[in-house]
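Here is a short briefing to read alongside the model. Please keep the sequence and the 3D view open as you go.

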Amino acid sequence: MKSGKTIIRGIVFCISILGVSMLCSACGEKKPEALQVEYFYYNTCASCEPEKEFYEDFETITGISQVTSDVKIKTYNVFTDDGEKVWKKVAKKMKLSEDPDFPVLLIGNEIIYISDTPTVEKLENKKVEILAFISADCSACTEAGDNVISNIPKKVPIAGVDIDTSVRVITLTTNDDKVLFKKYCQAYHVKEEMQITPIVFVGKAALSGNDEISKLHDFIDNVMALETISVQ
């Protein structure tokens with residue numbers, strides 16, 4: 001599975017090959033109409049900065065700054081309600097799937113990049129692994145367990161393939177449990193104030209608190225749920 005950084009570099013490389021002529025022609029006009037660049041991505045990680053990485057790589061490879069008057073770059077996290085709304089409008093207008101494998105890059109009215117959809121062979125033996133940490137006598141943890149975690153289906157459809165799910169729930173009682181919890185928080189770069197229970201780790205995302213955990217079902221049927229972070 002490609003890393004987020006690799007995907008971003010791949011996207012911007014596509015720009016350099018397919019889109020630079022469009023970008024440069026717009027910049028070369030005396031009074032050009034601003035060219036719209038739209039980057040749609042799916043991110044649940046509070047400490048990750050895919051927007052910053054995209055802007056940096058875009059400028060490095062194309063030589064075009066995000067502050068130029070000739071090119072307007074907009075980024076949308078489709079994990080958020082606002083980002084999802086924008087994407088659905090764009091998808092409808094351009095007759096695209098409302099649920100592709102993100103990221104997606106548009107320049108003007110041209111589709112420059114859509115993340116590769118995994119083949120069946122690549123998905124064989126894959127599993128969506130979900131790890132939840134809860135505390136005893138925690139009403140918020142009980143709510144998360146009753147409303148979300150206990151209702152996770154045994155299989156989820158990803159790229160047309162039914163993928164098994166694996167759910168593990170750890171109640172923080174022993175010192176070993178607490179040490180493991182800290183290791184996960186460190187590996188996933190969870191901010192200190194977000195290192196609370198209930199918290200769910202899935203793919204490369206850490207969903208902390210019931211507001212974020214309530215979105216778990218929307219996340220686990222996305223190909224990003226198959227990515228993993230090594231915890232040692």
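Does His189 count as buried or exposed? At 55% relative accessibility, His189 counts as exposed, where exposed means over 50% relative accessible area, buried under 20%, and partly exposed in between (1.4 Å probe, protein chains only).

This is a predicted model, in which local features need pLDDT of at least 70 and side-chain atom pairs count only at pLDDT 80 or more, while totals for chains, interfaces and linings use all residues. Residues are numbered from 1 along each chain as its sequence is written, and side-chain values use heavy atoms, with hydrogens and water left out.

**Overview and confidence**

- The protein has eight helices and nine strands; these are DSSP runs numbered from the N terminus, with helices (H or I) of at least four residues and strands (E) of at least two.
- Of the 232 residues in the protein, 44% are buried.
- Among contacts (heavy atoms within 4.5 Å) between residues at least 6 apart in sequence, 65% join residues at least 24 apart.
- The average pLDDT, the predictor's confidence in each residue from 0 to 100, is 77, and 71% of the residues score at least 70.
- Residues 1-6 stay under 50 in pLDDT, and the model gives them 10 contacts beyond four places in sequence.

**Nonpolar cores**

- A nonpolar core is a set of buried Ala, Val, Leu, Ile, Met, Phe, Trp, Tyr and Cys residues joined through side-chain atoms within 4.5 Å.
- The largest one has 33 residues, and Phe40, Trp87, Val128 and Leu216 have the most contacts inside it.
- Elements that each supply at least two residues of this core include helix H3 (81-94), strand S5 (127-134), strand S7 (161-171) and helix H8 (216-219).
- A second, separate core of 13 residues includes Phe133, Leu172, Val190 and Ile199.
- Leaving aside residues up to four places away in sequence, Phe40 touches Tyr76, Val78, Val86, Trp87, Val90, Phe102, Pro103, Val104 and Leu106.
- Leu106 lies in strand S3 and is buried, with a relative accessible area of 1%.
- Although Leu106 and Phe40 are 66 residues apart along the chain, their C-alpha atoms are separated by 8.5 Å.

**The cavity**

- A search of the whole structure finds one cavity of 30 Å³ or more; a cavity is a set of points on a 1 Å grid over the protein atoms alone where a 1.4 Å probe fits but cannot get out, and lining residues have an atom within 4 Å of a point.
- The largest cavity holds about 100 Å³ of space, a volume being the space filled by probe spheres set on grid points that are joined across faces, edges and corners.
- It is lined by 13 residues, of which Ala46, His189, Val190, Lys191 and Ala206 are the closest to its centre.
- S9 gives the largest share of this lining, three residues.

**Backbone details**

- His189 lies in the loop between H6 and S8 and has a positive phi of about 55° although it is not a glycine.
- Pro198 lies in the loop between helix H6 (175-187) and S8, and a cis peptide bond joins Thr197 and Pro198, with omega about 5°.
- Asp137, found in the loop between S5 and helix H5 (139-147), has a positive phi of about 55° although it is not a glycine.
- Asp137 counts as exposed, at 85% relative accessibility.

How values were computed: 1 Å grid on protein atoms, 1.4 Å probe; cavity = no way out; pocket = protein on both sides within 12 Å on 5 of 7 lines; lining within 4 Å.
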